[in-house]
Amino acid sequence: MVLSDRDIRRELARGRLVVEPLDASCIQPASIDVHLDRKLLVFRNSRQPYIDIRHPSEDLTEMVEISDDAPFILHPGEFVLGSTVESIALPDDMVARLEGKSSLGRLGLLIHSTAGYVDPRWRGHLTLELSNVARLPITLYHGMKIGQISFLTLSSPAENLYGSETLGSKYQGQQDPTPSRVWQEFLKKPG
């Protein structure tokens, strides 16, 4: 069941759900608006002919910051990683869905490729997968409303929570845009 604004406020007041910082005006009928943080991971023009998912990808990107004086320009076809200003923490019986703002989607800005799902017991800032599918550049400003997060209750508390050692969670507690850590899966021994 998706939480209504009333239930979101109740879960925030009880401390089971954490969204910080939170401006109460960002609570929508069934979601909370989230904002773009200052740091972005931009893919460099690389001499590598391809991305090998078995190896770390940190050398493929560089961190840049959106200044207060000028926006970051996301060009057509460009893909960067950003993060939310807000830190999110979920209890063991709740998941969340991150979606873009329709006003931005109508301009061609997508905020996630596949990472729109947030597991029970997640804690941290959400990494955004920002893509411009329009034919014109799009401006990104620090602090702009970039998406919305909705919350759903589970039928019962999850047994294996995000961040548990058994799951091998790779992004628990992240604060900045975080590159892919899929390569860590190749370090595990089968069986």
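Predicted model: local features only at pLDDT ≥ 70, side-chain atom pairs only at ≥ 80, totals over all residues.

Q: OK, so is Asp-93 buried or exposed?
A: Asp-93 has a relative accessible area of 19%, so it counts as buried.

Q: And which side chain does Asp-93 meet in a salt bridge?
A: That's Arg-16, with N to O at 2.8 Å. Arg-16 sits in the loop between H1 and strand E1 (18-20), while Asp-93 is in the loop between E6 and strand E7 (94-100), so this pair ties together parts that are 77 residues apart in sequence. Arg-16 itself is partly exposed, at 24% relative accessibility.

Q: Which residues are linked with them in a network of salt bridges?
A: Asp-7, Arg-10, Glu-11 and Arg-14 are linked in a network with Arg-16 and Asp-93.

Q: How many salt bridges does a search of the whole structure find?
A: It finds 13. One of them joins the side chains of Lys-101 and Asp-33, 2.7 Å from N to O. That pair links distant parts of the chain, 68 residues apart: Lys-101 is in the loop between E7 and helix H2 (102-105), and Asp-33 is in strand E2 (residues 32-35). Asp-33 is buried, because its relative accessibility is 2%.

Q: What about Arg-9, where's its salt bridge partner?
A: The partner is Asp-5, and their closest N and O atoms are 3.9 Å apart. Both belong to helix H1 (residues 5-14), and they are 4 residues apart, so about one helical turn separates them. Arg-9 is partly exposed at 41%, and Asp-5 is partly exposed at 28%.

Q: Switching topic: what's the volume of the largest pocket?
A: About 670 Å³. It's lined by 28 residues, and the closest to its centre are Ala-115, Thr-127, Glu-129, Tyr-171 and Thr-178.

Q: Which strand gives the most to that lining?
A: E10, with 3 residues. Strands E6 (79-89), E9 (117-118) and E10 (123-132) each supply at least two.

Q: How many of the lining residues are nonpolar, polar and charged?
A: There are 17 nonpolar, 8 polar and 3 charged residues in the lining.

Q: Last one: which residues form a nonpolar patch on the surface?
A: Phe-43, Ile-51, Ile-53 and Phe-186, with about 390 Å² of accessible area together. Ile-53 lies in the loop between strand E3 (39-43) and strand E4 (61-65). Its relative accessibility is 47%, so Ile-53 counts as partly exposed.

Key. Residues numbered from 1 in each chain as written. Heavy atoms only, no water. Patch = residues over 30% accessible without salt bridge, like charges linked within 9 Å, V, L, I, M, F, W, Y side chains within 5 Å. Areas by Shrake-Rupley, 256 points an atom, 1.4 Å probe, with all protein chains shown as cover. Salt bridge = Lys/Arg side-chain N within 4 Å of Asp/Glu carboxyl O. Buried < 20%, exposed > 50% of the residue type's maximum accessible area, 1.4 Å probe, protein only. 1 Å grid on protein atoms, 1.4 Å probe; cavity = no way out; pocket = protein on both sides within 12 Å on 5 of 7 lines; lining within 4 Å. Points joined across faces, edges and corners; volume = space filled by probe spheres on them. Nonpolar A, V, L, I, M, F, W, Y, C, P; charged D, E, K, R; others polar.
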